[in-house]
Amino acid sequence: MTKEPVHIIGGGMAGSEAAWQAAELGVPVVLHEMRPVCLTDAHQTDGLAELVCSNSFRSDDWEYNAVGLLHEEMRRAGGLIITKADLHRVPAGSALAVDRDAFSESVTNALKTHPLVTIQREEVAGWPPDNWSSVIIATGPLTSDNLAKAVLSRTGQDALAFFDAIAPIVHLESIDMSKAWRQSRYDKAGPGGDGADAYINCPLTKEQYEGFIAALLAGPKTEFKEWEGTPYFEGCLPIEVMAERGPETLRYGPMKPVGLTNPHNPTQKPWAVVQLRQDNRLGTLWNIVGFQTKLRHGAQAEIFRMIPGLENAQFARLGGIHRNTFINSPKLLDDRLRLKMEPRIRFAGQITGVEGYVESAAMGLIAGRMAAADHSGRRLAAPPSTTALGALVAHITGGHVTDSQDVSSVRSFQPMNVNYGLFPDIVTGDLRSTEGRRLKGADRARARKRMMSVRALGDLDAWLADQPGAALQNRSQSSDACATRT
Ligand SMILES: Cc1cc2nc3c(=O)[nH]c(=O)nc-3n(C[C@H](O)[C@H](O)[C@H](O)COP(=O)(O)OP(=O)(O)OC[C@H]3O[C@@H](n4cnc5c(N)ncnc54)[C@H](O)[C@@H]3O)c2cc1C
């Protein structure tokens with residue numbers, strides 16, 4: 001047991017939550033926040049947990065929506081961010097949206113007045129000093145340059161990214177395998193070297209290809225904001241930029257049809273092929289290879305559903321390219337969010353490769369609890385991967401898969417929102433409605449989501465009950481602001 005404080009760098013969504021969790025578990029915290037001494041390009045205030053853009057925490061539906069489930073888990077774990085969001089919610093239908101100023105002020109006050117929290121307004125401008133025995137780096141997508149450089153030199157060139165180039169990710173169950181097929185190009189082995197069928201291939205005829213290119217060129221794009229002046233790397237060019245270079249460019253790039261035979265129509269060579277690569281260890285999510293894009297989200301869904309086999313694609317996430325700072329967590333972190341090469345250092349928040357306010361706060365919640373456990377000489381394992389909290393930890397610390405033989409895959413870890421594709425599947429036979437009707441299609445998918453959500457809350461309660469933090473849980477549940485919605 002040590003009285004040394006946990007040093008938390010960054011007082012955003014993750015750092016504020018981590019500070020609260022650790023302090024509530026009796027561990028002193030020093031929270032280092034650089035604003036207002038140093039500013040970022042997006043924050044406007046000196047408040048902790050400032051929402052830099054939208055005021056929405058997205059869906060609050062725990063039964064059928066993975067982020068709503070994450071809200072509920074955070075309520076049960078006594079989360080500061082969710083408690084204050086509930087307290088300052090504004091009307092937004094089934095979403096949880098907040099009065100941003102009141103929310104941030106309320107988080108700031110809670111931490112300012114906590115007897116175990118000291119807030120220091122300063123930039124941590126280099127690698128954390130050796131005499132800080134426990135550190136959580138939660139500096140977010142706009143980590144200061146000085147600290148980013150220090151992280152880069154400590155962890156290595158390919159371990160830190162300064163922007164995300166995200167290709168859309170599709171739920172496996174929504175891919176039409178009567179049109180698509182599994183095969184690696186030239187039947188070469190896929191992830192883990194085990195098999196010649198590592199990719200899912202969608203074939204296009206000449207007419208389909210030309211229609212697709214025309215739609216790509218015509219589709220509405222989002223523009224980089226001025227502060228996002230990060231240049232594209234040639235290896236991460238958006239597909240529409242490639243298409244602008246000439247109608248054949250994609251056919252010689254990510255859509256090349258070579259080394260593949262369509263078993264549904266073996267005598268006809270496809271004019272172009274779109275490939276999907278397994279994105280998570282569970283095999284439930286597949287990314288469209290090389291399809292990072294700045295197309296607007298609405299247009300992406302419409303245009304990508306033109307691809308044979310993806311007509312009914314459900315997207316776990318759509319593509320995008322943004323200024324972002326995140327580490328290669330699957331390579332660098334252990335399953336307790338600790339830097340493998342230096343376990344006194346944890347990472348939390350968006351810098352770990354989760355995406356969004358809620359997910360970032362969620363990783364702060366876990367990191368804060370784990371750091372507090374270390375201080376008491378306990379070893380706290382992550383929640384089970386059947387929970388939304390555990391599924392996120394599992395994804396960033398090991399769930400994402402790469403193909404070591406495929407250069408484009410080695411740096412393919414990209415930020416991820418929580419979604420049901422990150423959860424282990426739930427084994428189900430026939431599912432029936434209360435009237436005994438056999439559920440199919442969307443009804444079945446909805447019923448499965450609910451089963452996964454119910455399983456998650458049960459497993460989370462068991463995880464919480466097993467640790468001193470159960471006290472936090474009980475207090476949160478008895479508070480009006482955190483009342484469980486059913
Ligand atoms: C422009 C922009 C718009 C976004 N819009 C949305 C949105 O609408 N919805 C959504 O869900 N997500 C959005 N995101 C993502 C969002 O930033 C994250 O989801 C969330 O805020 C990340 O939480 P965090 O705690 O990891 O980082 P942050 O909330 O950004 O907190 C990091 C904190 O660390 C501080 N800091 C940085 N470097 C140092 C240092 N060296 N020393 C001390 N302090 C430091 C910063 O000042 C900041 O307060 C957006 C991101 C950006 C960049």
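**Entry 1: terms and model**

I count two strands as paired if DSSP finds at least two bridges between them. Helices (H or I, at least four residues) and strands (E, at least two) are DSSP runs, numbered from the N terminus. The model is predicted, so I use local features only at pLDDT of at least 70 and side-chain atom pairs only at pLDDT 80 or more, while totals for chains, interfaces and linings use all residues. I number residues from 1 along each chain as its sequence is written, and side-chain values use heavy atoms, with hydrogens and water left out.

**Entry 2: strands E4 and E5**

I looked up strand E4 (residues 89-90) and found two bridges joining E4 to E5, with the strands antiparallel. Val90 has Ala97 as its bridge partner in E5. Four residues lie between the strands of this hairpin, and Gly93 takes a positive phi near 60 degrees there. E5 is also joined to E3 by two bridges, again antiparallel. Here Ser56 has Ala97 as its bridge partner in E5.

Which way do the residues of strand E5 (residues 95-98) point? Ala95 and Ala97 point one way, Leu96 and Val98 point the other way, and all are buried. Buried means under 20% relative accessible area, exposed over 50%, and partly exposed in between (1.4 Å probe, protein chains only).

**Entry 3: the whole chain**

I found 14 helices and 17 strands in the protein chain. The chain has 486 residues, and 58% of them are buried. Its accessible surface comes to about 19900 Å², and 52% of this belongs to carbon and sulfur atoms. Accessible areas come from the Shrake-Rupley method with a 1.4 Å probe; for residues, only the protein chains shown count as cover. Of the contacts (heavy atoms within 4.5 Å) with a separation of 6 or more, 71% are between residues 24 or more positions apart.

**Entry 4: the ligand**

How many residues surround the ligand? I noted 32, and the closest are Ala14, Glu33, Arg35, Gln350 and Gly356. The shell divides into 13 nonpolar, 15 polar and four charged residues. Ala, Val, Leu, Ile, Met, Phe, Trp, Tyr, Cys and Pro count as nonpolar, Asp, Glu, Lys and Arg as charged, and the others, Gly among them, as polar.

I then looked up polar contacts (pairs of N or O atoms within 3.5 Å; within protein, one must be able to donate a hydrogen and the other to accept it, and residues adjacent in sequence count only if both atoms are side-chain atoms). A backbone N or O atom of Val124 is 3.0 Å from a nitrogen atom of the ligand. For Gly356, a backbone N or O atom is 3.1 Å from an oxygen atom of the ligand. Taken alone the ligand exposes 970 Å², and the protein buries 92% of that. Helix H1 (13-24), strand E2 (29-33) and helix H10 (357-375) are the elements that give two or more residues to the shell.

**Entry 5: Ser16**

I found Ser16 in helix H1. Is Ser16 buried or exposed? Ser16 is buried, with a relative accessible area of 0%. A polar atom of its side chain lies 2.7 Å from the backbone oxygen of Gly12.

**Entry 6: backbone angles**

Most residues other than glycine have a negative phi, and most peptide bonds are trans. I noted Ala49, whose phi is near 50 degrees. Ala49 is in the loop between E2 and E3. The peptide bond from Arg35 to Pro36 is cis, with omega near 0 degrees.

Terms used:
Near = heavy atom within 4 Å.
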